[in-house]
There are 2 protein chains.
Amino acid sequence: MPQSFTSRVAGRVLEGLAPAVVGLDPRLEALPARLAPAAAPAERITAFYREVLPRLRGRVPAVKPNIAFFEVHGAPGWAAYEETCRLARAADLAVIADVKRGDVGSTAEAYAAAHFRHADAVTLHPLLGKDSMLPFLERCRNDGRAVFVLVRTSNPSAGEFQDLPVGPARTLTDALADAVHRWGEGVADEHGYSPVGAVVGATWPAELARLRARLPAAWLLIPGVGAQGGRIADLAPAFDGRGLGALVAQSRGILQCFAPDDVEWRDRIDAAVEAFTKDLRALSASGAGS
Amino acid sequence: MPQSFTSRVAGRVLEGLAPAVVGLDPRLEALPARLAPAAAPAERITAFYREVLPRLRGRVPAVKPNIAFFEVHGAPGWAAYEETCRLARAADLAVIADVKRGDVGSTAEAYAAAHFRHADAVTLHPLLGKDSMLPFLERCRNDGRAVFVLVRTSNPSAGEFQDLPVGPARTLTDALADAVHRWGEGVADEHGYSPVGAVVGATWPAELARLRARLPAAWLLIPGVGAQGGRIADLAPAFDGRGLGALVAQSRGILQCFAPDDVEWRDRIDAAVEAFTKDLRALSASGAGS
């Protein structure tokens, strides 16, 4: 088995990399206007990541392509998605495919085969329960892959169902977290982490602290920083005493931090990555000192 | 606005078509072995549907492509998916895209744009709550599209979360159903149905009767008949007194009803469609007499 996703990410963070994930949400209107301006949408996207992904090498452990922004361009968009994943891996970046799939067993098998071809980890919807997870969990166990299951989403209406009480002192979010813990039992890397992680939005810092305690063996993937309102300063409780256990994702604030006609967009990205990773290294290290 | 999905489907059923949906799950190993045997996977899939979809014209109101079985073939698979949707619409079949997407607002907007380009209706995951629905609901209201929200899935572990009690005499499934009802309020076609429907598995007939009562304005999309164990005879409670309100989907039992080397596969499909639609017409009509 190749080095597992969790082991690889933990190793990078222990070597000093920030626990940072750069989100890849290729909105056309936010791409540099002068980069391949006459090309078709999918080619503009690929041209952008061909320049950007090598600049992230050695600065963050992983990227998170959001497949919706590729699907909107149809089959050429999917080809661009596959090429983006390839470019990321070539730049030594782990790929967390933000695909949020979730379906019955035989369909889940097809999704697992489809998405682990391009990615080291995927995000999943838990609503269908354990049998929708099995094809993914098998690849976690056998191929070192990982999953991040939606437990507490970052959006404003997250609580509509996730806050519902499902018994005494337990919400649906808690029940999902408990399932994530169960699904990950019996597989742990050298740092004690399982390949079954949880998505927990940065926009709910109180939930974050509670879920960290409830999920001692799960990596938390934390979206919602920046454009969605989550603040890095609130995320310290997500990390364990070694600075491990959480990956913070930011999309618009990094690769869409410039005006499309700004000729210095590469410098803007470099500066945004520097600021994001510096803040996160400090945060993760403060956890390590606690 | 073009005729809405719900109005179109209701019209077909009132004209005498069965409330039947043929699922398109293109498993390679189940395609006719002699049809384009040397072609690439995506081309074999397209060749199959190019023959099959015209044979469904006038016999069922809709088809349900399951995108996972296309995604597994990468970008060419996506091109085959788009071509399949085009072929279906050309054969006067409404397309219910079984994509089960569900994401935060800005991503949901991309998914809605991506999938309503090819489809008349889509299936959605509700876990993120109302703001993940809004881009889809807007297109239901303005463009006559429809959504089917997962309320009770057909798989064995459906109850792991969906059966959780969320207050007195109310399960998570009930809470999801109540949300489907709310999300559909204020938009109804000439038969009183809203564009916000629910997915309810045929494998849970007791739930089906309960949910029909709880969702008076929602079309129910009912998968799980056949290979998954659901029985058509159990589905009468899903229909209203006019024989409307439910669409029953079958996949493996129709377009995978033959051995791959059977040269008479076209006849087998015709016979399977005939049996499926005959049973369903009788069921829907029995509802109409009640």
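Biologist: What makes strand β7 (residues 220-222) of chain B and strand β8 (residues 246-250) of chain B a pair?

Modeller: Keep in mind that this is a predicted model. In it, β7 and β8 of chain B are joined over three bridges, in the parallel sense. Two strands pair if there are at least two bridges between them, so β7 and β8 qualify.

Biologist: Which residue of β8(B) is the bridge partner of I222(B)?

Modeller: That's V248(B).

Biologist: What do the eight strands of chain B close into, and in which order?

Modeller: A barrel, running β1-β2-β3-β4-β5-β6-β7-β8, with parallel pairing. On average, neighbouring strands of this sheet are turned by 30 degrees against each other, ignoring direction.

Biologist: Now the two chains. How do you know how chain A is related to chain B?

Modeller: Superpose them: a rotation of 180 degrees, with 0.0 Å of shift along the axis, puts chain A on chain B at an RMSD of 0.0 Å. The copies are therefore related as by a two-fold rotation axis. The same surface serves both, too: 100% of the contact residues of chain A recur in chain B.

Biologist: Helix α4 (residues 74-90) of chain A packs with helix α4 (residues 74-90) of chain B. Are they roughly parallel or roughly antiparallel, and why?

Modeller: Their angle is about 165 degrees, with the axes 8 Å apart. Anything over 145 degrees counts as roughly antiparallel, so that is what α4(A) and α4(B) are called. The crossing is right-handed.

Biologist: Which residues meet there?

Modeller: On the α4(A) side, G74(A), A75(A), W78(A), A79(A) and E82(A); on the α4(B) side, G74(B), A75(B), W78(B), A79(B) and E82(B). By class, this contact has six nonpolar, two polar and two charged residues.

How values were computed. Residues are numbered from 1 along each chain as its sequence is written. Chains are lettered from A and ligands numbered from 1 in the order in which they are written. This is a predicted model: local features need pLDDT of at least 70, side-chain atom pairs count only at pLDDT 80 or more; totals for chains, interfaces and linings use all residues. Side-chain values use heavy atoms; hydrogens and water are left out. Helices (H or I, at least four residues) and strands (E, at least two) are DSSP runs, numbered from the N terminus. Axes are lines fitted to C-alpha atoms, for helices over the stretch in contact, and angles run from 0 to 180 degrees between N-to-C directions. Copies are superposed by least squares on the C-alpha atoms of residues with pLDDT of at least 70 in both. Contact means heavy atoms within 4.5 Å. Angles under 35 degrees count as roughly parallel, over 145 as roughly antiparallel, 65 to 115 as roughly perpendicular and the rest as oblique. A crossing is left-handed if the near helix is turned anticlockwise from the far one by less than a right angle, and right-handed if clockwise. Ala, Val, Leu, Ile, Met, Phe, Trp, Tyr, Cys and Pro count as nonpolar, Asp, Glu, Lys and Arg as charged, and the others, Gly among them, as polar.
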